[in-house]
Amino acid sequence: MSAVLDAVRHPGSARASALPSQLRSAGLAAGLAGIALVSVALVANLAVAADGGTGRADTLAWTFGLTTAGFVVLKSGIALTLVGILLRVRDRIDAAKSSLPALAGPTAVGPGSESEVATSFGRASRTIRALDPLPIHRMARLMWAPMVVMGPMLVAAGLVTSILQASADSAGDTAAYSAWTQGLQFLGEGLVLAGISFLLGVILGELRRGGGEVQEALGVTVWTLKMPLSAKLFVVLMATGVMVSIAQFALYVVAASVSDPTTWFAVLGPLREVGLGLLLSGIVLALFTIGTVLGFQFDRMRTLVRGEER
Amino acid sequence: MTATTITTEAETFDVEVSARSLGRNLPQRIGRRLWLPMLAMAVMAFAAAMVVGAVRGYRIDGGDARNIETLRQLAAGLMFIGFASVFAAISFAIARILGELRKGGGDLQEAAGRVVKTLRMPLTAKLFLGLMAMAMMTLIATVVAHLGLALSVSESATTLVDSEKWFVVLEGVRRAGVAVYLFAIVLGLATISQVLRFQAVRLRKLPQEPGASER
């Protein structure tokens, strides 16, 4: 983890150049490990499905914990792959910086006045210098690592309570452990998804910074896409999803102390899933925004290479 | 259009060589069209599942057992329409990114008057498409089964014991479907990483290659 953080903070280091391939392989390995964990839980579920006794309840308790742990291993694989992508984006920015001066068209015109312009990708700012990162980009840089680390820790704690639930003797203990398992594991899953969202935010920030730097180094007007509506909605969905994940955890803690939590469980089940659904919906919009920014940047590079507008 | 390879110190890329940009391929064009409908469907399904779950929670204390079981099957079905749709939207958004990279990279080389070299579809991309389709079919099958059980329980054609048994089976199967979907997403992202690497290598080589007027 420290090697990853070091490479993200110091992109020029020798470590950073070899790391993306390693992260990609580690991401794929984590994905396979996650599939293996979920497969074990699936086989156990199928084996006890027809059994109506307490043996089934005990098995379903630990398979729930194991499945969620498998999901988090898979999501950690996604996070590792995204860090690799972040480093690749930086490498591509360096490549553009070194190659574009030789490729750019000859009609050099100095940077014009600062203004806004409509493009087929949305409104863009035209400035003399590259723009500073937005507050959300700075926040994303700070927050992705704590989220990606804390999430699996909570899910592991939930796995322990699911094993305790499977071996509990009284109905009261079983219900209490079940509440802790669900609350901890879905908060953990929510945090990992938030970490993935922040990583996507870091990638968007890097595209903005790199795009500006490449144009500034060329001595042309710096075109930067203004934050699209999809990016604003992404932030709203992510924040709502995290709040729902925290709320479901708090409510499960309350449910753990009530004598009959059946009603609580019936309502909290869909609520916790909706929290994850909101985070995933935010991730869709973040990926869409990345696609839009890439399209805008290719369009700008093509314009510069053709020498149509500088 | 011909096939060739580009070799760097660390890796080899299989590429297609052409005079013009190849543009987006079929899965990328589908991704551009379908990501938003899938996201919209997911949001609606999550909202519907939340409402059904709340109704079930309201009725669970002293309500009719058959009615409560029907609502449980219905809520699970709706929730996983949401998850199947949102994972599809993520996959389509990844395909859209790959499309922007393929089209943008080709257009840039063409604008620079160089030969256009486009990375051939890597193995990770092929596996991404295959696993995504497999996971989606698994989740849709469990959704259909949940909704069928909801109907069957409400009409007393299935006993509560059988419904419970099938719920456990379907829970395991749909979780496996989600796991396969997540792995497909890892593969899709790994493909983006590989394409970015190829583009950095290609960008660095472009200035040394002869332009259209020099060939």
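## Basis of the model

Because the model is predicted, local features need pLDDT of at least 70 and side-chain atom pairs count only at pLDDT 80 or more, while totals for chains, interfaces and linings use all residues. Residues are numbered from 1 along each chain as its sequence is written, and chains are lettered from A and ligands numbered from 1 in the order in which they are written.

## Chain A overall

Chain A has seven helices and three strands. Helices (H or I, at least four residues) and strands (E, at least two) are DSSP runs, numbered from the N terminus. Read from the N terminus, the order of elements is α-α-α-β-β-α-α-β-α-α.

Along the principal axes, the C-alpha atoms of chain A fill a box of roughly 80 × 35 × 30 Å. Of the 310 residues in chain A, 53% are buried. A residue is buried if 20 or more other C-beta atoms, placed from the backbone, lie within 10 Å of its own.

## The sheet

The three strands of chain A form an open sheet in the order 1-2-3, with antiparallel pairing. Strand 1 (115-119) and strand 3 are the edge strands, each pairing on one side only. Two strands pair if DSSP finds at least two bridges between them; strand 2 (residues 122-127) and strand 3 of chain A are joined by four. In strand 3, A:Val222 stands opposite A:Thr127.

In a regular strand the side chains alternate between the two faces of the sheet. Strand 3 (residues 222-225) of chain A is covered on both faces. A:Val222 and A:Thr224 are buried on one side, and A:Trp223 and A:Leu225 are buried on the other.

## Helix 4 of chain A

Helix 4 of chain A covers residues 135-166. The expected span of a helix is 1.5 Å times one less than its number of residues, so the 32 residues here should span 46 Å, which agrees with the 46 Å between the end C-alpha atoms.

This helix has a kink of about 35 degrees at A:Met143, shortly before the proline A:Pro146. The bend at a residue is the angle between axes fitted to the seven residues ending there and the seven starting there.

## Contact between the chains

The contact takes 63 residues from chain A and 58 residues from chain B. Two residues are in contact if their C-beta atoms, placed from the backbone, lie within 7 Å.

On the chain B side, helix 1 (26-59), helix 2 (65-111) and helix 4 (160-205) each supply at least two residues. Helix 4 of chain B gives the largest share, 25 residues.

Terms used:
A residue is buried if 20 or more other C-beta atoms lie within 10 Å of its own, exposed if 12 or fewer, and partly exposed in between; C-beta atoms are placed from the backbone.
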